[in-house]
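Hi,

Here is the structure I promised to send over. Have a look first, and my notes follow below.

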Amino acid sequence: MIDRRLVEHFDWILLGLTLLLQSIGILTLYSAVNASADVAGLIGPLYMKQASWFGIGAMGMITLVFFNYRWLHRWGGLIYAACVVLLVVVALAGRDISGSRRWLVFGGVSFQPSEMVKIAVPIMLARYFSDRISATGMTLKDLWRPLIWVLIPFGLIVRQPDLGTALIVALIAGSMTLFVKIERRCLLGLGGGSALVAGVGWFFLKAYQKQRIAIFLDPEKDPLGAGYHIIQSKIAVGSGMLTGKGFLKGTQNALSFLPEQHTDFIFSVLAEEWGFLGSALFLVVYFLIVAWGLNIAMRSKEPFGTILAVGITSMMFWQALINIAMALGLLPVVGVTLPLVSYGGSSLVSTLLGIGILLNISMRRFMFKG
Amino acid sequence: MSDTYLKTVDSDWYRQRLSGALIFVVAAFLVLLARLYYLQIVRGEDYRRQSQNNWVRLQSIPPPRGLIFDRNGTLLVDNRPSFSVSIVREDAKDARAVALRLADFLKEDEQSFLSKLDKAGGWPSFKPIVLKRDLSRNAVAVVESHKLDLPGIVISIEPMRHYIHGELASHLIGYLSEISEEQLKSGRYPDHKSGDFIGKFGVEKSYESFFHGRPGRRKVQVNAIGQIIRVLETMEAEPGKNVFLTLDAGLQRKTEALLAGKVGAAVALDPSNGHVLAMASRPAFDPNAFVEGMTFDAWNTLVSNAFHPMSNKAIQGQYPPGSTFKIVTAMAALEEGLVTRETRFYCPGYYRYGNRTYRCWSRHGHGSVDLVRAMAESCDVYFFQLGEKLGIDRLARYATACGLGQKTGVALANEALGLVPTSSWKFKKTGVPWQAGETLSVAIGQGFNLVTPLQMCCLIAAVGNGGILYRPVVVSRIEDGDGSLVKEIPAVARHVLPATKATLECIKQGLIDAVNQRRGTGWIVHLNDIKIAGKTGTAQVVSMEPDRNQEKNKERPLRLRDHAWFVAFAPAVSPKIAVTVLIEHGGHGASAAGPIAREMIRAFLKG
C-alpha cells in the first residue's frame, strides 16, 4: 500500500515544469520537421517514434516513482555493469550510422546505451560518495575507484565515437565529485593532470573533430563548409529579433538552412520563431527546472539522495548549457541534445528516467530524519 | 543503515555546497541570456537581413530576342524554349562534387563541366553558372529525379535562338555566341550579363541593341539546396524588337539553290532604293549550331574549310572585276570626251602596245566595232585603247566615283574595301613606278583591281536606275512586338554616278545588246519575256597570259581557274532588280554566272 504521505509530498512543481518543457519541445519539434521540405515525408513516422519513446520514458518515470530510490543504492552496481556490457555489445555488434557505431537494434527499434550511462554513472557515484562524504573532501585514495568507473564507459563512448555524450558523462562525474568536495592538494593535482590529459587528447581527436574546433574559433574561414552550421544557426537565432518570426514562420528552419534542426539545433528553431522574448522565457523555465533539482537535493535528508539529485540535475544542466551555447555560437558543434526538446528516443527516455528519480527523491524526503 | 556521515557533514555544509552550485548555474544562464540579447537585439537587424539574403534570390529573366522577318513578313528567325542546367555554388556547397555527379547522371564530359566552373571562379557564389544548354527532355527528367542528390543544380527554361530555315541567308542574318568577358567589361552592353548570347555576325550583330531587349527580374524564395519554393515578385522582361529584312525569302531560297555546290556569292538589289533582295554566299553554315553549342572539332572543321564558309563573300570576298569593269572604263572615256558612241576601233584579235602584244579574248578579233558593240561583245582591244587614252589616275577617279575601293556602307560588319589602283598607290606599295601597260589590264578589269560582289551590284543598279548610287540596305524597318514602328531605315543616295544621261544610255545599250544580241557575250542569259541588261566578266586568277583560252581554263587545277562574273538589271527600262553573281573558279562569266543571274531575275519578276 502506498504511503499517504507519498501522495501528499508528490512534487507537482517538477512534474509541471517537465510537462511544460515537453510541450514546448513538441511544438518546436513540430515546426522543425513540419516546414522542412527535406524531411516532409518523415513527419508521420518521426512523430510516432517520438510519441512512443515518450510513452516508454513516461512509463519508466512512473514506475520509478513507486519504488523507493534507495533501491537504486542497492542495485546501482548491477545497473552500471549492465550499461557497460551493453556498451561493449555496441562496440562489437552495434549498427553503424554515418560513420559512428552508437546504436543497438532490437526488432527494428534502435537504442543508444550511452544515454543510459548518463543515469547509471550518477547512481554509481552517489552510492560511493554518500558512504565516505566528509567536510575535508575526497582524497586521491577515495577517488581512484570512481575515476575507473567513469573512464570505462567514457572510453567506450569516445570510441563510438560520440564525443558529445562522452563529454556529458565526464561533466556529470566532475560536477558530482566537485560537489562532494575534493581535498585542496588533491584538487590542484587533478587540475594539473586533466590539463595534461586535454593536451595529449588533442592528438587523439579525429580530423573532423579538430576541424570543428578550429572552425568554431573562426567560422567565417569556411562559410560554405564546416563553418556553415555555426553561421546559419547564428543567423537563425539573430534574425528572430525581439518577438520572432512566428510559429512555423522561421525561414532558416523552413528552408532547411539549419542543419540537424530537429536534434542538435532545435534551440535555433525556437529562437528564430519566438524571438528574444520566447527564448528568454524558455531559458527561465530551463533554469527553474535546474534550480528545482538543486532544491530537491537540498531538501533530501540523506546523502545518497542529495548527491544523486545533484548528479541528475547536472546532467540536465550541462546538456542544456552545451546545446544552447552551441546554437548561439559560443561553443563548437558537438552532438548534444537539448533534454525534453530535441528529437531522439534514447535521450528522451534517459531524461524522463532522470526526472523520475528526482521526483522519487523529492517525495521521499520525509522518510529520513535530519 | 549507517549514519556516520552525520558526524562529518551537516545540512549547513550541504546548503553551502548547493548555494555554490546554484550561483554557477545562475551565472551560466546569464551568459546564455546575454548572448541571446546580443544576437537577437543588438545584432538582430543584421541577422534578419542575412536571413533574407539567404532565401531571397534575384533571378534575371532573359528577354526573348527580337524576331527576324523578310520583306513580306515571312518569319525567318524566332526563339524556341530550351532547358539549361546551371549550378549555384552557394547552394551546392561542394560545387565540384555536384558537377561531377551531374556529369555522371547526364553521361556528359566531366572536364567541360569543371572547366566551366573554373572559368566562373571569380563570380559571386550566388550567380548561376550554365553547365549545359539545350537539354533533351530525357536529360531534364534525369536531373529532376536526382534533385536531392544535386543541391544547387537548377534547370531553367530559356528562349533559344532558332534559325527556322537553317542555312538560309546565314551570312546576312549572322549568328550568336556567348558574350565575352571583354565585351561585358566594355560597358557597351549594360543589359547583358555573363552567359547571354550576343550577335557576332551579320544583322544579328549590327542590330544587337534592338534585338536584345531588356531582361526582367524575378524575386524567388529558395530553400537551402536552391530549389525555388515560390515566386515573390516578377518584373517581366521587355522583348527585343522585331527586325524586318529587305530580303525576299523566296528569291533568297532560289538564289541559294542555284549556287548549290558552287563557291561564290550572289547579290540582288532593288535599284530604286538599294534594298538587298537576296544575298547569298557559298559554302554556308547553319547558325543554329552556334547557339546549340559547337564542339571544338566542329568549329575547327568550319574555320579550316578551304572555301571559307564563315565568310560572307558578297561583302568580304575581293576579286578582280574582269570585263564587268568595262562599264567604268566606258563611262570615263565618254565623260572625258575621248570617244563618242560612234567612235570605232578595229580589233584584229590583239593589240600591240610598246613591245608587248595584248590579246583580245576572241582570237579572231571583232573587226571594226563601235562602243556599244565593244561592250556587247566585250572587245578587249577596244577597251585597251580607252585605257591607254585615259591613263590610270583618271580611270581610278571614275572607279572611285562609281563606289569602288570603298565600303558600300551596308550595315554588316567586316565589309572589305576592294581596291582601285592608282600610280601613287603602286609606288607606295611596291616602290616601282606605274607601267603604262598595266593601265591596259586595269581597263578590262584585270590587274590590281579588286571589287566585292556587293560593290558591283550597287554599280550595276545605279546604271539601271539612271545614275543614283544607293547605300545598300538590309533592314527596312524595326517594330515593337505589338507592331508599332520603332525605326524605319530610309534609302540613302551616296553618290550620283559621274555620267550624263547620254553616257548612261550608251552603256545601257551595250549591256542590253550583250544579252539580247546573238553575238553578245551574255546571249545565254536572254529571255523572251524579260529584257535583261547585263555584262559578263571573267576574272583571271593567274596573271595575264598572252594566250587566253577557255578550253585551257577547264584543264587547269580548280584553284587556278578564272572567276566568273555576271552583273545585270531587269527589266532594262525602269529596272526592278539588279543582280550580281560571282562564281569562284567558275570559268567563263557567261556560262557559269549568267544562267544563275537569269534564273534569279526570272524568279523575282515572274514569281
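Let me start with the rings: Phe287(A), Phe317(A), Trp318(A), Phe24(B) and Phe29(B) make up one aromatic cluster. (Rings of Phe, Tyr and Trp, the latter by its six-membered ring, pair if their centres lie within 6.5 Å; planes under 30 degrees apart are stacked, over 60 edge-to-face, the rest tilted.) Please keep in mind that this is a predicted model, where local features need pLDDT of at least 70, side-chain atom pairs count only at pLDDT 80 or more, and totals for chains, interfaces and linings use all residues. Residues are numbered from 1 along each chain as written, chains are lettered from A and ligands numbered from 1 in written order, and side-chain values use heavy atoms, without hydrogens and water.

Over all chains, the search finds 32 aromatic pairs. In one, the ring centres of Tyr128(A) and Trp149(A) are 5.2 Å apart with planes at 90°, so this pair is edge-to-face. Tyr128(A) is buried at 8% relative accessibility (buried is under 20% relative accessible area, exposed over 50%, partly exposed in between, with a 1.4 Å probe and protein chains only).

Chain B has charges over rings too: the charged end of Arg161(B) lies over the ring of Phe211(B), 5.3 Å from its centre, and that of Arg477(B) over the ring of Phe244(B), at 4.2 Å. (The test is NZ of Lys or CZ of Arg within 6 Å of the ring centre and within 35 degrees of the ring normal.)

As for chain B overall, its C-alpha atoms fill a box of roughly 150 × 50 × 40 Å along the principal axes, and 53% of its 607 residues are buried.

Best wishes
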